[in-house]
Amino acid sequence: MLASEVKREPRQLDKELQLEGIVIRGFGRGGKQLDCPTANIPIEAHEATLQTLSTGIYYGEARVDSSVRYPAVISIGWNPHFQNDKKTIEAHILQKFREDFYGSKLTIYVQGFLRDEHKFHSIEDLKQAIHDDIATARNLIVPVHY
Ligand code: ADP
Ligand code: RBF
Ligand code: MG
């Protein structure tokens, strides 16, 4: 799949969904390989919520400990590009952080669906697709600062 072939038909969820957890280590790929660090939280507490949510790429907001809500893009699923055998919940926050925040409490507010997950032709295509997701999300997220 090429980045240019990605179909996005964003739809807002009827109700914002909250997913909360302590930031854990993932496979360490986001920042290094994709220029897109993603804060991962354990999925175990959210199995029931995930039953109601298809896997895919979402937009919304995220809060780190008691910070304001920042815009975010969220990946929920199997990362088919890397053939993970475990589902992950990951948020890339659209804000520069001076330091990593492993161990912090992350609250993810899922507001809308952007697209399905894909396996791409190359890492460059995945990076381009993520870049396009971020641009789309920036236009859709109406920030609530509290
Ligand atoms: P991992 O596989 O361990 O999740 P990543 O390369 O995806 O590794 O990096 C994620 C970590 O980067 C997060 O847990 C967080 O501590 C840090 N981080 C720094 N800036 C951001 C950001 N803007 N959004 C998400 N995580 C960030
Ligand atoms: N992983 C995939 O395998 N396929 C995708 O289409 C995909 N899209 C993503 C879009 C966004 C906005 C983000 C933040 C992540 C996406 N990922 C996707 C997950 C990515 O592979 C994962 O964050 C890294 O491998 C680090 O764990
Ligand atoms: Mg990550």
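A polar contact, as I use the term this morning, is a pair of N or O atoms within 3.5 Å, and within protein one of the two must be able to donate a hydrogen and the other to accept it, while residues adjacent in sequence count only if both atoms are side-chain atoms. The model is predicted, so to speak of local features I need pLDDT of at least 70, and side-chain atom pairs count only at pLDDT 80 or more, whereas totals for chains, interfaces and linings use all residues. Residues are numbered from 1 along each chain as its sequence is written, chains are lettered from A and ligands numbered from 1 in the order in which they are written, and side-chain values use heavy atoms, with hydrogens and water left out.

Let me begin with ligand 2. An oxygen atom of this ligand lies 2.4 Å from an N or O atom in the side chain of Glu 90, and an oxygen atom of ligand 2 is also 2.7 Å from a polar backbone atom of His 81. Arg 29 contributes a polar side-chain atom 3.4 Å from an oxygen atom of ligand 2. Taken alone, ligand 2 exposes 540 Å², of which the protein buries 99%, where accessible areas come from the Shrake-Rupley method with a 1.4 Å probe.

Around ligand 2 there are 20 residues, and those that come nearest are Asn 79, His 81, Glu 90, Arg 115 and His 118; a residue is near if one of its heavy atoms lies within 4 Å. Helix H1 (30-34), strand E4 (70-77) and helix H3 (123-140) each supply at least two residues of this shell, and the largest share, three residues, comes from H3. Helices (H or I, at least four residues) and strands (E, at least two) are DSSP runs, numbered from the N terminus.

Now to ligand 1. A nitrogen atom of ligand 1 has a backbone N or O atom of Ile 93 at 2.9 Å, and a nitrogen atom of ligand 1 is 3.1 Å from a polar backbone atom of Gln 95. On its own ligand 1 has 560 Å² of accessible area, and the protein covers 92% of it.

Finally, the salt bridges, each being a side-chain nitrogen of Lys or Arg within 4 Å of a carboxyl oxygen of Asp or Glu. A search of the whole structure finds seven of them. In one, Glu 16 pairs with Arg 69, the closest N and O atoms being 2.7 Å apart. This pair links distant parts of the chain, since Glu 16 is in strand E1 (residues 11-22) and Arg 69 is in the loop between strand E3 (56-64) and E4, 53 residues apart.
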